[in-house]
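Subject: Structure handover and findings

Hello,

The structure is placed below, followed by notes on what was found in it. Please read the notes with the model open.

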Amino acid sequence: YGVLPGYGQLPTHCETLTLTRSMISRDDTWHGRYGVLPGYGISLQDGFEDTFTATATGALEFGAIPYAKGVIDNWLRYYVRSNGMISYRSEELAQAGRMLTIFAMYVSMTGDAEFMLGHYTKVKALAAWLVWRWQQSITAFSSDDPRFGIPPGLDEGDGFISIFAGHPGSHGGYANQLNHMYSCAGGIYRGFADIGETWSAIGKAFGRADVAAHGAQLLAIAPKLRAAIRASIAKTSFTITEPGVRQGKTCIPNGAGRSGAGGANLPAEGASCTDGGGRAYPELFYSGVLTRDEVDDIYETLTTSNNSKYVTRPMTLGCAGYNSKQVTFWAYGIAYGLLQHDMVERFLLHYFSMSAHTYTRGTWTTPEAVSPDRDVGSTDYVAAGVMTAPTYLKWMLLFEEPDRRTLWLAKALPRDWLAPGTDPIRVENATTRYGRLSYRLQATLQPTSMVYTIQATVVLPPSFAKSPPRGGLRLRLRAPVAHSGKLKSVTVGGASWEAFDAMAETVDFAPATLTADLIKTGLPDIKATFG
């Protein structure tokens with residue numbers, strides 16, 4: 001993505017080395033391992049869902065397409081069974097749903113539909129067992145039960161031991177595996193929506209009625225899943241009554257309850273808001289189903305550890321974890337949810353905290369969990385965590401909203417990076433669902449008039465004119481604090497452009513305006529003047 005100021009060599013050095021470290025952590029080029037020996041490189045960890053999802057997401061977002069294709073191909077050939085289940089010790093429903101999103105991302109970013117069609121049978125089987133789990137939830141419960149429409153199953157691979165009767169965490173055997181988690185429902189919802197759209201388009205393009213029909217089936221289920229999540233959260237959420245900084249605020253549990261009689265997670269008088277630990281909220285954030293207020297409520301509750309019954313902090317420096325540590329491979333969803341709802345400062349705290357504390361100095365190695373206190377020992381290296389920095393850098397510079405499909409340029413750029421006299425921001429050949437794009441931002445302060453301006457050059461491929469993002473294009477100009485909110489005028493291609501928002505710090509391009517002429521002569525010459 002070129003040279004970026006502010007972090008020294010972090011974006012060019014760290015991101016490249018972490019991608020390389022991800023590659024060399026694999027056996028025989030493509031077989032993913034959770035870590036290396038000594039440590040998490042044991043074969044017991046082979047097939048861990050998060051190693052695949054984190055690696056494939058990071059490779060796609062950072063534009064390492066040959067690597068992404070090899071990782072996806074290996075996963076579907078050797079780790080996804082013919083019945084769609086994963087060759088691992090436990091299911092993870094939220095990650096299974098995310099796999100479908102990744103497959104859709106690959107096709108949209110590369111146009112390589114033939115490759116995905118070659119794996120159609122297994123991808124369809126993966127979706128089929130998730131459909132079956134959803135069907136279980138709508139047949140076993142009435143619509144007034146919070147578990148209605150929330151698929152049952154595990155969201156954490158280490159929970160496999162709880163299915164054995166007699167284990168302290170088993171709740172009588174298989175019952176614990178039948179938790180109805182919002183993270184699982186959200187991941188499946190998004191996976192169905194993304195791959196359903198992909199299969200519908202591929203089926204039409206290739207004359208495959210069966211593929212198109214499968215896509216239509218998933219697209220029909222997706223909104224029902226989302227509606228069920230919304231309805232269930234409304235039933236399980238409650239006002240925190242116990243003393244503390246969150247008293248009077250809303251607690252949003254991480255699930256609808258457990259299968260079986262009396263298992264519904266209904267609010268009780270004086271209930272404690274203690275669902276903070278684990279991966280559930282990060283995965284739910286990534287699904288995109290939460291409102292801004294819900295993201296804020298969850299973030300604040302996790303950050304403040306409102307309830308005195310929390311044994312450890314559920315969030316440290318904006319990062320989710322266990323034992324008051326930052327967990328590297330759980331983190332991705334937190335950043336995504338914060339960016340979706342434009343919580344930029346929280347995103348930057350999270351990004352900086354993950355970069356500063358979860359990567360070793362100079363060698364960019366990521367343990368599974370790290371304390372900001374360097375006197376506290378960390379766990380061993382995990383390959384699933386090493387892709388956070390490349391993924392966050394991409395989202396900071398180029399981010400697409402999951403619902404409105406607005407494509408943002410420089411949405412979360414640190415303000416100091418656009419200080420007068422700094423090196424220009426250069427993003428080159430970055431991947432999107434609509435083709436690769438590039439842009440350059442250069443800030444200047446006229447020495448005589450003291451007028452602050454930003455010159456932007458945005459280069460889009462012709463494909464944007466044929467199929468633009470549904471929500472259009474938004475260029476954010478996060479000027480230094482002295483100039484923030486003072487955007488006065490914008491020209492595009494030398495002509496006045498009225499579609500800008502000084503308070504939001506954006507220059508906006510609706511889908512209809514992204515014509516071939518604007519792409520060729522207008523977007524490469526954008527000038528924003530502040531005053």
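Leu317 lies in the loop between strand E5 (315-316) and strand E6 (319-320); helices (H or I, at least four residues) and strands (E, at least two) are DSSP runs, numbered from the N terminus. This is a predicted model, in which local features need pLDDT of at least 70 and side-chain atom pairs count only at pLDDT 80 or more, while totals for chains, interfaces and linings use all residues. Residues are numbered from 1 along each chain as its sequence is written, and side-chain values use heavy atoms, with hydrogens and water left out.

Backbone points

Leu317 has a phi near 50°, a positive value in a residue other than glycine. Its relative accessibility is 38%, so Leu317 counts as partly exposed (buried is under 20% relative accessible area, exposed over 50%, partly exposed in between, with a 1.4 Å probe and protein chains only). Thr29, also not a glycine, has a positive phi of about 75° and sits in the loop between H1 and H2. The loop between helix H1 (10-24) and H2 also holds Pro38, and the peptide bond from Leu37 to Pro38 is cis, with omega near -5°. For context, most residues other than glycine have a negative phi, and most peptide bonds are trans.

H2 and its partners

Helix H2 (residues 49-62) packs against helix H3 (residues 65-78) at an angle of about 155°, with the axes 8 Å apart. Axes are lines fitted to C-alpha atoms, for helices over the stretch in contact, and angles run from 0 to 180 degrees between N-to-C directions. H2 is therefore roughly antiparallel to H3 (under 35 degrees is roughly parallel, over 145 roughly antiparallel, 65 to 115 roughly perpendicular and the rest oblique). On the H2 side, Glu49, Phe52, Thr55, Ala56, Ala59 and Leu60 meet Ile65, Tyr67, Ala68, Val71, Ile72 and Trp75 of H3, where contact means heavy atoms within 4.5 Å. By class, this contact of H2 with H3 has ten nonpolar, one polar and one charged residues (Ala, Val, Leu, Ile, Met, Phe, Trp, Tyr, Cys and Pro are nonpolar, Asp, Glu, Lys and Arg charged, and the others, Gly among them, polar).

H2 also meets helix H13 (residues 388-397): the axes come within 9 Å and cross at roughly 45°, which means that H2 is oblique to H13. Thr57, Gly58, Glu61 and Phe62 in H2 touch Pro390, Thr391, Leu393, Lys394 and Trp395 in H13. The residues of that contact divide into four nonpolar, three polar and two charged.

H4 and the core

The largest nonpolar core has 153 residues, and Phe103 and Phe192 have the most contacts inside it. Such a core is a set of buried Ala, Val, Leu, Ile, Met, Phe, Trp, Tyr and Cys residues joined through side-chain atoms within 4.5 Å. Its largest share, eleven residues, comes from helix H4 (residues 93-110). Leaving out residues up to four places away in sequence, Phe103 touches Phe52, Ile72, Leu76, Met116, Val123, Leu126 and Ile195.

H4 and helix H6 (residues 120-140) have axes that come within 11 Å and cross at roughly 140°, so H4 is oblique to H6. Leu93, Ala96, Gly97, Met99, Leu100 and Phe103 in H4 meet Val123, Leu126, Ala127, Trp129, Leu130 and Arg133 in H6. The contact of H4 with H6 has ten nonpolar, one polar and one charged residues.

Regards
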